[in-house]
Amino acid sequence: MMIRPTTIAALVALVTLSSSSTSAFQTPSNTRIISSTTLFSTPPERTTDQPPKPPLSTLVKRVAVAGATGRTGKLVVQQLLSQNVPVLALVRDTDKAMSAFDPTNDLLTIRKTDLGSKDDVITAIQEGEGVDCAMWCATGFSDAPDQSIWDKISAIFGFATNSQGSIDAVGLPALGEALAKSPKRTLANGSDKSAPLPKVVMLSSAGVTRPDWTDEKKSALEGCAGIPIVRLNPFGILGVKKQSEEELRNCGTEYTIFRPGGLNDKWPKNSRPIFSQGDVAVGRINREDVATILVDLLSTPEATGKTFEGVSIANSDGYYPPAESLSVALDRLILDKDGVSEDVARATYAIMQQLLPGEKQAAAELAMGQTYEQLDKDEQGRLGDRGTEEAPIVKTA
């Protein structure tokens, strides 16, 4: 089932309408520009009887999924297979993959792949029986509950102290390089006149740019710059993700980068996502909804060449029902090459802070491991008080 999306463009307009900033969002083709100082472009005229998109299985030959046995990657693989899409699962542990999926499924190929090796990644794609697009759901460390304390520490410190060798910094651009010269993907069966579909979809994270903000910006936007993952930035993970995003943008292939907010499996699924840009989003989104969005992006040309964040508003009593496509919402977002202005980012922040879960709506007061509900009740989180949090690495039996 598709998820009904929305953007905060209309809301931001109310905050920044008096600004003299130039256009914040790209102007779709065939749209007349009324004024060069218009904050938002005029959306193209749409009708409710637009033809549906072709099935995803007709738009791809085979999708390579890096991190296929991870919590999100597993959901992505399952959704792809349910739509009759052939999948090449790039995994570190084939035994784990064999137990996670049905190895007898003819649509699924499992390949042991070293995502930290450029050569191995490129070889996997080239021998992958017609792989024409890829999904990056991997990360440079694991939070698997069955992993030993030594494995966790080794993985995390290796990830942090040698970012050039982390799987994000090596494997992701290798995917892009391997697919850069492959035929253009479109909704019109490869027509060069159609807008391109992304060849690589990256699952990143909200907050990757915030550690590098100026002190003034961190203070002004404390509600997103002061959240635990940004404040603590354990082992420099956000910096590595940011670097990996840049590597993907520069690899020469069509891409989309999605940065979800806090992944929360208890948050209502099948909820409406709120897409924004400027890396100022804070909130929650169900992991299953993230997987749905990632899969939908493979057939959404409006997402190509864009980076955006996403959180969701719970679908309460059917007031935010699913829609048929992400296209309308993502069409309003700006291309990475055009950049998001500082005025728009700050106006977006002002709106997004009002969409926070909880009653206090004070994300910067959270401790690592503390929920919004616990903050409302002045209860301690599972890792201790803010500023004294214990590292979330524990020895397992």
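I take a nonpolar core to be a set of buried Ala, Val, Leu, Ile, Met, Phe, Trp, Tyr and Cys residues joined through side-chain atoms within 4.5 Å. The model I am reading is predicted.

**Entry 1. Overall**

I began with the totals for the protein. I find 14 helices and eleven strands. Of the 397 residues, 50% count as buried. I then looked at contacts with a separation of 6 or more, and residues 24 or more positions apart account for 71% of these.

**Entry 2. The cores**

I looked up the largest nonpolar core, which has 38 residues. Which of its residues touch the most other members? I noted V65, V76, L80, F275, L294 and L297. I then listed the elements that each supply at least two residues of this core: the strands β2 (63–66), β3 (87–91), β5 (133–136) and β6 (200–203), and the helices α2, α11 and α12 (327–331). Helix α11 gives the most, with six residues. I also found a second, separate core of 24 residues, which includes I122, W136, A138 and Y255.

I took V65 next and found its place in strand β2. Is V65 buried or exposed? Its relative accessibility is 0%, so I count V65 as buried. Leaving aside neighbours within four places in sequence, I list G73, V76, V77, L80, V87, L88, A89, L90, M135 and C137 as the contacts of V65. I also checked V65 against V200: the two are 135 residues apart in sequence, and their C-alpha atoms are 9.9 Å apart in space.

For V76, with neighbours within four places again left out, I find contacts with V65, M135, C137, A291, L294 and V295.

**Entry 3. α2 against α11**

I compared the axes of helix α2 (residues 71–82) and helix α11 (residues 287–297), which come within 9 Å and cross at roughly 55°. That angle makes α2 oblique to α11. The crossing is right-handed. From α2, I see R71, T72, L75, V76, Q79 and L80 making the contact; from α11, R287, E288, V290, A291, T292, L294 and V295. Sorted by class, the contact has seven nonpolar, three polar and three charged residues.

**Entry 4. Positive phi**

I looked for positive phi in residues other than glycine. N84 has a phi near 60°. I place N84 in the loop between α2 and β3. At 52% relative accessibility, N84 counts as exposed.

N270 also has a positive phi, of about 60°, although it is not a glycine. I place N270 in the loop between β8 (262–263) and β9 (272–276). At 24% relative accessibility, N270 counts as partly exposed.

Key: Residues numbered from 1 in each chain as written. Predicted model: local features only at pLDDT ≥ 70, side-chain atom pairs only at ≥ 80, totals over all residues. Heavy atoms only, no water. Axes fitted to C-alpha atoms, helices over the stretch in contact; angles between N-to-C directions. Helix = DSSP H or I, 4+ residues; strand = E, 2+ residues; numbered from the N terminus. Parallel < 35°, antiparallel > 145°, perpendicular 65-115°, else oblique. Left-handed = near helix turned anticlockwise from the far one by under 90°. Contact = heavy atoms within 4.5 Å. Nonpolar A, V, L, I, M, F, W, Y, C, P; charged D, E, K, R; others polar. Buried < 20%, exposed > 50% of the residue type's maximum accessible area, 1.4 Å probe, protein only.
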